[in-house]
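Me: I would like to go through this structure step by step. Please show it here.

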Amino acid sequence: MTPRTPMPPARPPLPLRTRAAMLLRLFAIQGSWNYETLMGNGIAFCLEPALRMLPGGVHTPAFKAAMARQGRYFNAHPYLAAFAVGALARAELDGETPERIERFRAALCGPLGSVGDRLVWAGWLPLSSLAALAAFGAGASALVVVITFLLLYNAGHVALLVWGLGTGWRQGMAVAAGLGHPVLRQGPAIVGGAAALAAGLAIPLALARVVGAGRVLLGEILVAALLGAVIVVKAQARIEGWRFALLVVSAVVLYSVIR
Amino acid sequence: MTVAGLLPIALLGGVIGLDTVSFPQAMLSRPLVAATLGGALVGAPAQGLLVGAVLELIALETLPVGASRYPEWGSASVVAGALYASDAGSAVGALVAAVLGALAVAWLGGWTMVKLRQHNAVVARRHQAALDAGSRGAVLGVQLSGLTADLARGVLLSGAAYAVLVPAERALLTHWSLPEQWSRAALVATAASVAVGAMWKLFHSTPWARWLFVGGLGAGLLVLAAR
């Protein structure tokens, strides 16, 4: 068993202005995403306000070495990258050796990617969409539907960024303990269950509203949707759902125009 | 179509396209939001919401995971929302035509995102020496360059798509023969197929998910029956 990195001694929080600058930059962490360094440059971009606090400021070799190190390849979920940004800021300001920081950086990539993908992309995002679709199906106005979605989704989004940045800073290179938090371990299954329930509720209600008054053909639509879903699932290795939709909708348009 | 009519759509498409990945990723780019905003821009947010709801069902399966290529729903939804909310919204077949347009633009948008990421790599390589030397200016410059290029990508994509799709939709709808109820039925059945399939792919391994889905479906059908 690998020994855990001990928790670093308590250190005062970063100045509010620095934290605010880092938080704001976290929203643009993928601004220069590319196929070579992925979000590496974004990590350096987010860390820069904290690195200014290195002894001597921005014109020192220590600052430049840290910026160069942090701009290299890095991959993570963009929201959970906040844990990495906080922890790497702490490691740099604590004067950890470059070798330790680089090893730590490499070790963070995998867990921050997979946990974030399951919790946010495959959990929180569909749940928020389905909640808003349920509101739409219940007859809510455009403003209410949009606000429901944006408030719900971004409550989770911003909370993850703030929590990740703070936890990363407090725990530094022992941040693996923070990644074992119940929200990250059990969250995807709980959110997934809630999203499945919301899907069952939202989809028929949303269909009924799109079909409109009188709900003409609604029974046939529900049966066709279930049969279509079986095709989509069976064919998932060969064709993505949106391509399936493109094919079917194109066929409908063609039929309508040439018949 | 005038430049004054096209410009707001292009600019909104640019801002929403930027949200997809680069900034702030607040999911303004989800179809429910983006199409509603597109519709609002031409004075009919409720029409935009309708097309947004159909697209949202189709987009449920899209996971914007790292290096994978996926449709860019943001700019496409702005265009579709504006298209459907414009005067063509009252025509038979307009909803189907707007969704077809959005699917095509989202596909094209996914391709432009790949090109943007390749362009970002070229820019980073051009500044490699400065980045290796830890230049603060180079890091900020590369980041701002990527953000600007993404904004420009969204503006150009949305502007060009709207300029092409408005006359194309009008021409298409003059030949439309399916009754509106059948057109909508085919469209929503397709969107719902993709949505239910997406839910299966995402949650079939989650404990109790299928029973929770069935429970939710029962509740949804009961609500519909009670109305």
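The model is predicted: local features need pLDDT of at least 70, side-chain atom pairs count only at pLDDT 80 or more, and totals for chains, interfaces and linings use all residues. Residues are numbered from 1 along each chain as its sequence is written, while chains are lettered from A and ligands numbered from 1 in the order in which they are written.

Me: How many helices does chain B have?
Reply: Helices (H or I, at least four residues) and strands (E, at least two) are DSSP runs, numbered from the N terminus. Chain B has zero strands. Its count of helices is nine.

Me: What percentage of the residues of chain B count as buried?
Reply: A residue is buried if 20 or more other C-beta atoms, placed from the backbone, lie within 10 Å of its own. Chain B has 227 residues. The buried part is 59%.

Me: At what angle do the axes of helix 4 and helix 7 of chain B cross?
Reply: Axes are lines fitted to C-alpha atoms over the stretch in contact, and angles run from 0 to 180 degrees between N-to-C directions. Helix 4 covers residues 73–85 and helix 7 covers residues 136–174. Their axes come within 9 Å. They cross at roughly 35°.

Me: Which helix of chain A gives the largest share of the side that touches chain B?
Reply: Two residues are in contact if their C-beta atoms, placed from the backbone, lie within 7 Å. On that basis, 87 residues of chain A are in contact with 94 residues of chain B. The largest share is 18 residues, from helix 8 of chain A.

How values were computed: Buried ≥ 20, exposed ≤ 12 C-beta atoms within 10 Å, placed from the backbone.
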